[in-house]
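Here's a quick walk through one chain, from its overall layout down to a few single residues. Have a look at the model first.

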Amino acid sequence: MGRRILGKPADAAEAEAFLRALSGRRHRVVTAVALRRGGQTWERSVESRVRMKPLSEVELAAYLAGGDWRGKAGAYAIQGGAERFVEHLSGSYSGVMGLPLYQTAQLLRDFGVR
């Protein structure tokens, strides 16, 4: 978000701070995958842009209570309850989830895996 990298929150208080910061704003999600064989490495990355709607206090409290934020970069799981907070997404939905499937399939194909 801007120049700030939002990793996985340590606790509910940090998750709340992350979600408040993302509320009503746009942010970038960068996800990468790599394969290595011997001394060769193949890499692919994808950048997506996500805009969250402004979150109400009720929505924020309910999401935090549900615990979907645990272990999630930026304190949200787009594939879970937070999907309803996303106003706009450009890029890779699966990349925002954590594994860019299209790019992974291309990488595997280039690597020789069918």
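## Ground rules

Contact here means heavy atoms within 4.5 Å. Helices (H or I, at least four residues) and strands (E, at least two) are DSSP runs, numbered from the N terminus. Buried is under 20% relative accessible area, exposed is over 50%, and partly exposed lies in between (1.4 Å probe, protein chains only).

This is a predicted model, where local features need pLDDT of at least 70, side-chain atom pairs count only at pLDDT 80 or more, and totals for chains, interfaces and linings use all residues. Residues are numbered from 1 along each chain as its sequence is written, and side-chain values use heavy atoms, with hydrogens and water left out.

## Overall layout

The chain has four helices and three strands, and from the N terminus they come in the order α-β-β-α-β-α-α. Its C-alpha trace spans about 50 × 25 × 25 Å along the principal axes.

Of the 114 residues, 34% count as buried. Take the contacts with a separation of 6 or more: 62% of them are between residues 24 or more positions apart.

## Helix α4

Which residues of helix α4 are buried? In this helix (residues 101-111), they are Gln103, Thr104, Leu107 and Phe111. They sit on the same side of α4 because they cover an arc of only 100 degrees around the axis (the arc of the directions from the helix axis to the C-beta atoms). The buried residues of α4 pack against β1 and β2 (40-52).

On the other side of α4, you'll find Leu101, Tyr102 and Arg109 exposed. Gly112 follows the helix, with a positive phi near 100 degrees.

## The largest pocket

The largest pocket has a volume of about 590 Å³. For the bookkeeping: on a 1 Å grid over the protein atoms alone, a pocket is an open set of points where a 1.4 Å probe fits, with protein on both sides within 12 Å along at least five of seven lines, and lining residues have an atom within 4 Å of a point. Grid points are joined across faces, edges and corners, and the volume is the space filled by probe spheres set on the points.

There are 28 lining residues, and the closest to the pocket centre are Leu6, Arg28, Val29, Val30 and Ala73. The elements that give two or more residues to this lining are β1 (26-37) and α3 (93-97), with the largest share, six residues, coming from β1. By class, the lining has 12 nonpolar, eight polar and eight charged residues; nonpolar covers Ala, Val, Leu, Ile, Met, Phe, Trp, Tyr, Cys and Pro, charged covers Asp, Glu, Lys and Arg, and the others, Gly among them, are polar.

Ser94 is in helix α3 and counts as buried at 13% relative accessibility. Its side chain makes a polar contact (N or O atoms within 3.5 Å, one able to donate a hydrogen and the other to accept it; residues adjacent in sequence count only if both atoms are side-chain atoms) with the side chain of Ser92, at 3.3 Å. Leaving aside neighbours within four places in sequence, Ser94 is in contact with Leu99, Pro100 and Leu101.

Ala75 lies in the loop between α2 (57-66) and β3 (86-90). It isn't a glycine, yet Ala75 has a positive phi of about 70 degrees, and it is buried, with a relative accessible area of 0%. Arg4, in the segment before α1 (12-22), is partly exposed at 42%. With neighbours within four places set aside, Arg4 is in contact with Phe18 and Ala21.
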